[in-house]
Amino acid sequence: MRILFADDHPLFREGVKPLLRKLADRVHIVEAEDYPAAFDAAGRYDGIDLALLDLFMPGMAGVDGASRFRAAFPHIPMVVLSAAEEREDIRRILANGAAGYLCKSAPSDVIVNALRLVLAGGIYVPPALLAEGDKDGFAVFGEDAGNPLSLTPRQIDVLREVIKGQSNRQIAHTLNITEGTIKVHMQTIFRILNVTNRTEAVLVAQKMGFGPPK
């Protein structure tokens, strides 16, 4: 397994590398200290299985740097590992196709399990985006056993299209957004509804009286 790990603090990289080596029997870590070095490494090395990037590094500006990396190397699953916890930045990064966002304050087992999820083809959404209530852009659409379920307005739009039986490609066309963004929303919807597939999501939503768009 080959992992590109970009962070401008060498001491932090040394602390995280033992966690990355838990992901497989043989892990080759390609290190970079800024965005230009990360771009160069991603272009030079074949078979990178995962890119783990700090958000704020020299060479580019935060979210813009991560978004540009994702656009330049769409075949490489990209996870942002950052001390920043601003929800809007996290939403933007996930909406632009990142496979996950991890806060540097997360416990080591959370980091390892999140990266395993991404390597298995999943998307890791941090708990900060799953907070209850309708503040910070979240909209409550139902309750189950007293526990509010929170979805953004756009995720509600996606769920309604799923109930209609639309594929990710059809939903992307209908809502005029990318398939990658739809996949991000679907992973979040599954997590919030506590389901593992589209059929279960539809059944849960219908039990709550949540129907397709009129």
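Guide: A nonpolar core here is a set of buried Ala, Val, Leu, Ile, Met, Phe, Trp, Tyr and Cys residues joined through side-chain atoms within 4.5 Å, where buried means under 20% relative accessible area, with a 1.4 Å probe and protein chains only. The model is predicted, so local features need pLDDT of at least 70 and side-chain atom pairs count only at pLDDT 80 or more, while totals for chains, interfaces and linings use all residues. Residues are numbered from 1 along each chain as its sequence is written, and side-chain values use heavy atoms, with hydrogens and water left out.

The largest nonpolar core has 32 residues, and L4, L53, L55, F69, M78, I93 and Y101 have the most contacts inside it. Two or more residues each come from β1 (2–6), β2 (28–32), α2 (35–44), β3 (50–53), α3 (62–72), β4 (78–82), α4 (87–95) and β5 (100–103); helices (H or I, at least four residues) and strands (E, at least two) are DSSP runs, numbered from the N terminus. The most, six residues, come from α2.

Leaving aside neighbours within four places in sequence, L55 is in contact (heavy atoms within 4.5 Å) with Y35, G62, V63, A66, V80, L81, S82, A84, I93 and Y101. A second, separate core has 21 residues, including V27, A99, I111 and Y124.

In β5, Y101 and C103 point one way and G100 and L102 the other, and all are buried. Strands β4 and β5 run parallel and are joined by four bridges; two strands pair if DSSP finds at least two bridges between them. L81 has L102 of β5 as its bridge partner.

Notes. Buried means under 20% relative accessible area, exposed over 50%, partly exposed in between (1.4 Å probe, protein chains only).
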